[in-house]
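Before reading the points below, please open the sequence and the structure side by side. The notes are meant for someone meeting this protein for the first time.

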Amino acid sequence: MTEKVRGVAELELESRSSTDGETVVVRGEIDMATAPDLRELLNGLVDDGASRIVLDCRSLDFLDSSGIGVLIAVRKRLGDDGALILEAPQAHVRKVLELTGVSDHIEIAS
């Protein structure tokens with residue numbers, strides 16, 4: 001299992017590889033200032049061959065349109081055979097995903 005930890009003011013990302021795919025633990029806020037770091041990490045995983053990425057969103061406190069843009073772009077890059085799964089987002093984050101229609105394109109697991 002490989003671990004990579006990155007920290008930015010209000011965002012911490014921890015990436016782990018397993019036989020089931022990649023898991024990224026997201027802690028803090030994804031906004032205009034931090035979305036580029038999430039984009040860089042996720043695009044790097046896709047570039048390295050990941051086809052299934054799980055974002056553990058239990059500790060994701062805030063998600064704005066910048067973060068939503070990253071999620072949609074990465075989902076498109078994964079293609080029809082790939083999967084981007086948001087695991088256990090808090091109720092207010094889940095609401096944003098539903099209101100914006102993101103939940104129609106990205107799997108949300110309880």
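Predicted model: local features only at pLDDT ≥ 70, side-chain atom pairs only at ≥ 80, totals over all residues.

**Notes on the structure**

1. An α-helix has 3.6 residues a turn, so residues three or four places apart point the same way.

2. The length of helix 1 can be checked against expectation: its 13 residues should span 18 Å at 1.5 Å a residue, and the C-alpha atoms at its ends are 18 Å apart, so the two values agree. Just after helix 1 comes glycine 49, which takes a positive phi of about 105°.

3. The largest nonpolar core holds 28 residues, and those touching the most other members are Val24, Leu42, Ile53 and Leu55. Two or more residues each are given to this core by strand 2 (11-18), strand 3 (21-30), helix 1 (35-47), strand 4 (52-63), helix 2 (65-78), strand 5 (83-87) and helix 3 (91-99), with the largest share, 6 residues, coming from helix 1.

4. Which residues does leucine 42 contact, once its neighbours within four places in sequence are left aside? They are Val24, Ile53, Leu55, Val70 and Val74.

5. Leucine 45 also has its place in helix 1, and it counts as buried because its relative accessible area is 7%, where buried means under 20%. Beyond its neighbours within four places in sequence, leucine 45 is in contact with Ser15, Glu22, Val24, Ala50 and Ile53. Of these contacts, Glu22 lies 23 residues from leucine 45 in sequence, while their C-alpha atoms are 7.7 Å apart in space.

6. Strand 3 pairs with strand 4 in the parallel sense over 8 bridges, and within this pairing glutamate 29 stands opposite phenylalanine 62 of strand 4. Together with helix 1, strand 3 and strand 4 make a right-handed β-α-β unit.

7. Strand 4 also pairs with strand 5 in the parallel sense, over 5 bridges, and here arginine 52 stands opposite alanine 83 of strand 5. A right-handed β-α-β unit is made by strand 4, helix 2 and strand 5.

Key: Residues numbered from 1 in each chain as written. Heavy atoms only, no water. Core = buried A, V, L, I, M, F, W, Y, C linked by side-chain atoms within 4.5 Å. Buried < 20%, exposed > 50% of the residue type's maximum accessible area, 1.4 Å probe, protein only. Helix = DSSP H or I, 4+ residues; strand = E, 2+ residues; numbered from the N terminus. Contact = heavy atoms within 4.5 Å. Expected span 1.5 Å × (residues − 1). Pairing = 2+ DSSP bridges. Right-handed = clockwise from strand over helix to strand, strands pointing away.
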